[in-house]
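Subject: The structure, and what turned up in it

Hi,

Here is the structure I promised to pass on. Have a look at it first, then read my notes below.

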Amino acid sequence: MKSAIAACLSVTAASASPAGYFELAQGAVFETGDTVVSEGRRIRLYGLQSCLRGTPYTDRSGTRRDCGEASIAVLAAFIKDTKPVCAPVAEQSDLIFVVCYAQVGNQQLDLAMMMITEGYGFASLKPDGLPVHPPYAVAEQEARERRRGLWRFKDVQHPAILLSHAARNLRSAP
């Protein structure tokens, strides 16, 4: 898995991509399972929350694994195998949010939706707890019910819960 995590991407102009879109190719670094750094720019898939690095889960053999590394490995594999094209949708200081689409056969698939549907990503939530993109929350619930991907493991911790606990602890700190 370490070799998959070490896999790199970069953002390059895509000659076959529609105007405003760019391809993800070799060269940039995976920061998380939803964010890459390329040419000094941080690029994040809009509406996707990956597992947090350092968050453990226990696989079926009883081995503790890093949930964040699992998300990164699957994102890296999807990008390598499908060569998605991306378009910026929002910018926030040093972070560019993008939507990415992969052509698989005759279907155009949303990369964030692929991560969530396969159980290696989660729907991002707004501060009020509602999903940033409601269809992602529906896909997450279905993946959970079908025990896909990381949902197969009983001790997987939803990143939204971990992040809300961390935020609550910061607010109550002296």
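First, a definition to keep at hand: a residue is buried at under 20% relative accessible area, exposed at over 50%, and partly exposed in between, using a 1.4 Å probe and protein chains only. By that rule H158, at 13% relative accessibility, counts as buried.

Two words on the basis of all this. It is a predicted model, so local features need pLDDT of at least 70 and side-chain atom pairs count only at pLDDT 80 or more, while totals for chains, interfaces and linings use all residues. Residues are numbered from 1 along each chain as its sequence is written, and side-chain values use heavy atoms, with hydrogens and water left out.

The overall picture

The protein chain has 5 helices and 11 strands. These are DSSP runs numbered from the N terminus, with helices being H or I of at least four residues and strands E of at least two. Of its 174 residues, 43% count as buried. The accessible surface is about 9,700 Å², and 54% of that belongs to carbon and sulfur atoms; the areas come from the Shrake-Rupley method with a 1.4 Å probe, and for residues only the protein chains shown count as cover. Among contacts (heavy atoms within 4.5 Å) with a separation of 6 or more, 53% are between residues 24 or more positions apart.

Nonpolar side chains tend to be buried together in soluble globular proteins. Here the largest nonpolar core has 36 residues, and V98, L111 and L150 have the most contacts inside it. Helix α2 (67–82) is among the elements that each supply at least two residues, and so are β2 (22–30), β9 (95–104) and α4 (134–145). The most comes from α2, with 8 residues. For the record, a nonpolar core is a set of buried Ala, Val, Leu, Ile, Met, Phe, Trp, Tyr and Cys residues joined through side-chain atoms within 4.5 Å.

What does L150 touch, not counting residues up to four places away in sequence? The list is C51, Y57, C67, A70, S71, G119, Y120 and V156.

The disulfides

C51 and C67 on that list are also bonded to each other, with 1.8 Å from S to S. C51 sits in the loop between β5 (48–49) and β6 (56–58) while C67 is in helix α2, so the bond ties together parts 16 residues apart in sequence. C51 is buried at 2% relative accessibility, and C67 is buried at 0%.

There are 2 disulfides in the structure, a disulfide being a pair of cysteine sulfur atoms within 2.5 Å. C86 and C100 form one as well, with their sulfur atoms 2.0 Å apart. The torsion about their S-S bond is about 105 degrees, so this disulfide is right-handed. It links C86 in strand β8 (residues 85–92) to C100 in strand β9, 14 residues apart. C86 and C100 are both buried. With the bonded cysteines numbered in sequence order, the pairing is 1-2, 3-4.

The salt bridges

Side chains of opposite charge can pair when their charged atoms come close. The structure holds 7 salt bridges, each a side-chain nitrogen of Lys or Arg within 4 Å of a carboxyl oxygen of Asp or Glu.

E31, R42 and D94 are linked in a network of them. E31 pairs with R42, the closest N and O atoms being 2.8 Å apart, and D94 meets R42 at 3.5 Å, N to O. E31 is partly exposed at 27%, R42 at 25% and D94 at 47%.

R64 and D155 form a salt bridge too, with the closest N and O atoms 4.0 Å apart. R64 is in strand β7 (residues 64–66) and D155 in the loop between α4 and α5, 91 residues apart. R64 is exposed at 55%, whereas D155 is partly exposed at 27%.

E140, in helix α4, is buried yet has no salt bridge. Which side chain of opposite charge is nearest to E140? That is R144, 5.2 Å away; Lys and Arg count as positive here and Asp and Glu as negative, with His and the chain ends not counted. Beyond four places in sequence, E140 is in contact with I116, F122, A123, W151 and H158.

H158 is in the loop between α4 and α5 (159–172). Leaving aside neighbours within four places, H158 is in contact with F122, E140 and W151. H158 and F122 are 36 residues apart in sequence and 7.8 Å apart in space, C-alpha to C-alpha.

Cheers
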